[in-house]
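Colleague: Walk me through reading this model, one feature at a time.

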Amino acid sequence: MTAHADAEQGLVGGADAPQVDPDEVLRAIEYYADKGWTDGLPVVPVTESYLDRFLAQTERDPSEVVLAMPHLNRELTVRLAAINAALAGCRPEYFPVVLAAWESFKNEGMVPRAIWQSTTGTAPFLIVNGPIREAIGLNSKGNVFGSGFRANATIGRAIRLTAINAFGLRPHLLDQATQGTPAKYSLCIAENEEDSPWSPLHTDFGLAPADSAVTAMVVRGFMHIEARHTTVPEQLALDFVGSICRTGVLVHATTSACLVLGPEHAHVFDRAGWTKSDLRQFLYENAWMSRAQLASVGKDAFSRRTQWRLPKDHPDALAEENEPEGDTVRLLNSPEAVVIVVAGANNAGVSGIVESFGPRGEPPAVTKITPAPA
Amino acid sequence: MAGVYGFPGFEFVTVPHPVASLSEEQIRTRVAAALPEVTRILGVE
């Protein structure tokens with residue numbers, strides 16, 4: 001690209017560009033990469049004075065343990081969480097969101113028990129609610145799962161970078177993911193509360209609309225749902241059921257999901273008089289498969305030890321004593337196994353399903369964000 | 001994991017993938033192949 005073309009693209013800095021030695025900046029970036037303090041992308045160099053700006057966002061002591069992994073004999077402190085948020089490119093004012101996210105992962109329970117070392121290859125997923133979305137520029141509208149928004153990109157990245165740098169969960173070593181998921185780079189969205197016909201997610205779990213909160217989940221991946229073909233709520237909901245209950249994701253007796261409705265889809269249900277709870281109930285009642293369908297993919301029995309699905313003739317297969325009688329098998333254990341939020345632009349019939357690794361009926365891990373000290 | 005616990009030289013036996021999808025007979029074959037290594041590490045004469 002020529003200098004002229006750069007200028008046309010708006011890629012040339014003006015008089016306000018900082019006067020620094022680019023070679024020194026690059027040397028710092030390469031130093032961090034050589035140390036392995038990275039997810040593969042360049043990280044932001046962190047000095048003590050820059051770190052102090054992050055630590056000033058919380059009243060918690062820098063040495064306080066945020067989350068422990070006893071099986072690795074490793075602990076995440078407030079200071080380590082702040083270093084990694086800074087490395088990830090967060091601005092200091094994002095740090096209260098990062099800390100609340102870690103609190104949610106601690107309460108959710110799978111992360112301290114080594115789920116991120118598993119061959120399954122799960123990723124962190126964050127949903128942010130409340131006024132902080134606007135305050136720090138979190139995107140909840142168009143391209144919500146895509147790139148282009150610093151707060152979304154770096155808050156999600158801070159979690160994964162911390163897993164790598166603080167807990168040592170590096171690929172090929174303590175992270176044994178078979179394939180992983182692109183969500184491991186970053187997966188953080190805000191709910192589009194303004195274009196939703198329903199109450200925000202955090203208020204479903206006891207918080208006030210004026211509170212800000214982070215909901216954290218461990219997820220296997222993301223599925224795009226394109227459904228512009230109908231405004232009949234039953235048809236649309238059954239289309240979601242087909243994707244939520246695909247056999248590839250059905251490793252246990254039942255499954256779970258986070259259904260991220262585009263506003264247009266949410267309004268299809270609302271116009272028909274359906275509440276969020278009505279939609280969850282419909283999904284639950286229609287989430288079933290015939291026993292023959294399960295048998296055709298070799299998932300008609302359970303492992304004696306792990307409770308994972310496997311073929312009936314597998315040496316570890318239990319008899320069907322823990323499967324209810326009948327020709328059909330329920331694939332959600334309760335309406336609450338599907339968490340519903342609204343996000344994206346209000347411009348098309350597009351939604352997403354985030355394939356969570358639980359909870360299956362228990363409430364999701366929601367943490368109120370503690371604002372920075374005045 | 002051995003390094004995390006302070007035993008970087010900890011000796012262990014590896015069994016080739018796959019395992020979960022094997023039949024009972026195939027599992028027995030894997031065990032038979034691994035057993036001499038297990039007994040060697042445990043110092044069984």
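Colleague: Where in chain A is the place of L332(A)?

Modeller: First, the ground rules. This is a predicted model, where local features need pLDDT of at least 70, side-chain atom pairs count only at pLDDT 80 or more, and totals for chains, interfaces and linings use all residues. Residues are numbered from 1 along each chain as its sequence is written, while chains are lettered from A and ligands numbered from 1 in the order in which they are written. Helices (H or I, at least four residues) and strands (E, at least two) are DSSP runs, numbered from the N terminus. L332(A) sits in the loop between strand 10 (328-330) and strand 11 (338-342) of chain A.

Colleague: Is L332(A) buried or exposed?

Modeller: Count C-beta atoms, placed from the backbone: 20 or more others within 10 Å of a residue's own means buried, 12 or fewer exposed, and in between partly exposed. L332(A) has 24 such neighbours inside 10 Å, so L332(A) is buried.

Colleague: Which residues is L332(A) in contact with, leaving aside neighbours within four places in sequence?

Modeller: Contact means C-beta atoms, placed from the backbone, within 7 Å. The partners of L332(A) include T254(A), T255(A), L283(A) and Y284(A). L283(A) is 49 residues away along the chain, yet the two C-alpha atoms are separated by 8.4 Å.

Colleague: And S23(B): buried or exposed?

Modeller: S23(B) is exposed, with 11 other C-beta atoms within 10 Å. S23(B) lies in the segment before helix 1 (24-42) of chain B. Chain B has one helix and zero strands. Of its 45 residues, 0% count as buried.

Colleague: At what angle do helix 3 and helix 4 of chain A cross?

Modeller: The axes of helix 3 (residues 48-55) and helix 4 (residues 78-88) of chain A come within 9 Å and cross at roughly 110°. That makes helix 3 of chain A roughly perpendicular (65 to 115 degrees) to helix 4 of chain A. Among the residues that meet there are Y50(A) and F54(A) from helix 3, and A82(A) and A86(A) from helix 4.

Colleague: Where does helix 7 of chain A bend?

Modeller: At A158(A), by about 25°. The bend is the angle between axes fitted to the seven residues ending there and the seven starting there. Helix 7 of chain A is also mostly covered, with 15 of its 16 residues buried.

Definitions and conventions:
Axes fitted to C-alpha atoms, helices over the stretch in contact; angles between N-to-C directions. Parallel < 35°, antiparallel > 145°, perpendicular 65-115°, else oblique. Contact = placed C-beta atoms within 7 Å.
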